[in-house]
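Please go through this model with the questions below.

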Amino acid sequence: VTIPVDPGVSAPTGDPDSLLAAASWHENLSGFFENTATTLQYTVGSLSGANWSGEAASSYQDLTGLVVGHFRLAATTASDAAAALRRYGAKLAALQHEGVAAVKQVVHWMTVLNADQKTLEKAQADVKTAQNAYTDAQAAANAPITAHGPGIVAIANARAHQVSQAQTALQTAQTAERTAQKAVNDDEHQVHAWQAKARLIWHEAQNEAALATGNLEPLEVPPPPLAGAPVTFTDTLADDAPFLAANPQLSAPLAHAIAAANAKKNHLGNSDENHDVQTILNALNSGTNLNDVKLSAPHHGGGGLLNGILSGIAVTGTEILGGGPEDPAADAASAAEVAAIEGTSETVAAATAGADATDAAIEADAAAAGAEGAAGSAGDLASGEDPLGYDNVRPNDGKSALEHILERHGPESTAKGAGKYADGTTTGDVKQLVNETIEKDPEGEPNTPAPDGTPREGTRYNADLGRIVGKTSKGVPTSWMRVIVDGNGKIISAYPIPPQ
Amino acid sequence: MADAWTVSQIEVVTAAIEDMAGRLSAIAPGTREFHGQVSTHATAAANTSAHEAMSGLMARWATALPQFAEAGERLQAAMHGAARAYAKSDAAVAAAADTRERPS
């Protein structure tokens with residue numbers, strides 16, 4: 001479009017269609033992220049509990065929970081961007097429409113003004129001409145009359161008529177001039193009014209752009225945690241390395257449990273059992289099929305690793321790799337170690353309880369405490385100053401219950417898969433936390449049965465203490481505590497746990 | 001007792017996990033498709049004062065989307081890895097069961 005005159009204003013610039021296309025893109029992206037989050041959530045929901053449990057399942061659920069959160073956040077970000085862009089695109093389209101119309105009006109009235117100005121100029125010239133004619137007519141009328149021809153009266157009438165005509169012509173010209181001037185004035189008013197409207201539209205578009213800027217600039221798109229630390233989150237499930245070999249926290253408990261079971265079955269000593277543990281670990285690390293591994297079995301003619309062991313283990317679920325909310329695999333490892341030392345049926349059951357590592361941990365600790373009781377620490381048991389038996393000595397390692405708790409769960413502990421107390425937590429603090437936990441959950445819950453279904457005495461107390469007490473076995477800050485006591489009310493263990 | 005080993009729970013879980021891995025397979029390609037369209041929209045606010053904000057947002061998407069795609073791949077791979085691990089365990093259990101039931 002060729003604009004014949006410069007209107008002095010312009011319609012808002014930009015491409016509303018592109019903005020609306022970007023809005024649609026963000027809406028689609030938001031929908032995609034939402035669907036993805038739903039799918040991820042669905043996988044967690046479908047593969048949980050009885051369907052899939054244990055360390056791998058727990059890791060996947062934790063991992064997915066983090067990723068789902070980021071996908072949902074990204075969906076919200078995209079949705080917010082879409083809303084901002086759709087508003088801006090729609091507003092800009094409307095304002096451009098109005099702006100173009102206003103500019104066209106400016107151009108129109110400028111064109112009209114130009115024409116009316118020419119009309120005015122002509123009218124002004126006509127007035128001037130008429131004015132001169134009128135002046136001349138008056139001058140002629142006032143000139144002396146020389147008596148000849150038609151007579152003096154006739155001459156005077158003729159002069160008066162000319163003056164009248166000149167006056168009428170002048171009045172006509174002046175009327176035309178006033179009309180032209182009014183038209184010009186009206187045109188100028190229209191030009192200024194439409195220019196003002198165009199400027200308002202421009203500023204409104206600028207305001208919309210500023211609003212869009214304000215909405216878009218703060219939008220963050222935090223990448224999912226996997227991008228920053230993929231190994232940390234996916235090691236447990238990684239497919240680019242043998243599953244167990246890549247996860248010593250899983251393979252060690254399994255090796256200990258199997259070796260302990262084998263030792264018990266074949267009445268092996270600690271040396272053979274430790275050798276078997278290493279053999280199993282070597283096999284796991286090299287990806288060797290466990291069935292091809294030979295364990296120490298002096299009373300047997302051979303057979304696969306699982307041969308003869310499985311007959312003594314109830315494989316009722318899929319948690320053969322360990323699982324549980326607090327300290328699944330590592331506690332199972334501890335259980336296996338205790339089993340190797342003590343060789344009791346109870347602790348061996350715990351050692352082989354990879355299927356329920358949490359229970360195994362309780363079992364192992366309970367066994368240790370039980371053994372301690374059998375060792376005859378009657379003084380401590382009867383002591384009113386230590387009603388929970390913090391100072392009771394564990395026969396397997398010579399440590400007190402409190403020492404065990406601090407060693408495994410203290411702030412400086414490096415034990416894998418164990419909940420840890422917060423930095424600066426003292427023994428007094430631990431006792432205080434234990435007391436608070438029992439006070440908040442006075443009923444507690446019975447210790448879960450052993451993997452073979454044998455009931456176990458004792459109680460577990462779980463409570464939210466309302467402040468961060470440490471970190472879970474996953475390293476997540478938590479305000480929850482668990483206290484485990486045996487059938488005599490003596491403490492076995494106490495440590496931070498995930499929210500229940 | 002033999003029936004208990006015929007179709008172990010591990011086997012069922014393996015199939016379920018593989019199924020879930022399949023469901024996750026659309027994350028990465030879908031995300032990458034969006035990533036391929038980022039540049040198209042980076043100039044959507046050209047000739048406006050919102051251009052910088054718009055291009056900045058699209059730049060952030062350009063950075064993040066591949067990471068979301070990677071997350072999808074990692075999750076899918078994790079599921080496959082878990083399924084393989086369970087399948088391996090399943091095979092080990094089945095083999096052990098066969099050995100156990102073999103007449104001596």
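**Confidence and a covered strand**

Local features need pLDDT of at least 70, side-chain atom pairs count only at pLDDT 80 or more, and totals for chains, interfaces and linings use all residues. Residues are numbered from 1 along each chain as its sequence is written.

Q: In which helix of chain B is confidence lowest?
A: Helices (H or I, at least four residues) and strands (E, at least two) are DSSP runs, numbered from the N terminus. Helix 4 (residues 38-42) of chain B has the highest mean, 95. The lowest mean, 31, belongs to helix 1 (residues 2-6) of chain B.

Q: How many contacts does the stretch of residues 1-12 of chain B have beyond near neighbours in sequence?
A: The pLDDT is below 50 over this stretch. Where pLDDT is low, the predicted coordinates should not be read in detail. With contact meaning heavy atoms within 4.5 Å, the model gives residues 1-12 of chain B 23.

Q: How many residues of strand 6 of chain A are buried?
A: Buried means under 20% relative accessible area, exposed over 50%, partly exposed in between (1.4 Å probe, protein chains only). Trp480(A), Arg482(A) and Ile484(A) are buried on one side, and Met481(A), Val483(A) and Val485(A) on the other. For strand 6 (residues 480-485), the count is six of six.

Q: Which residue stands opposite Val483(A) in strand 7 of chain A?
A: Two strands pair if DSSP finds at least two bridges between them. Strand 6 and strand 7 (residues 491-497) of chain A pair in the antiparallel sense over six bridges. Opposite Val483(A) is Ala494(A).

Definitions and conventions:
Chains lettered and ligands numbered in written order. Heavy atoms only, no water. pLDDT = per-residue confidence, 0-100.
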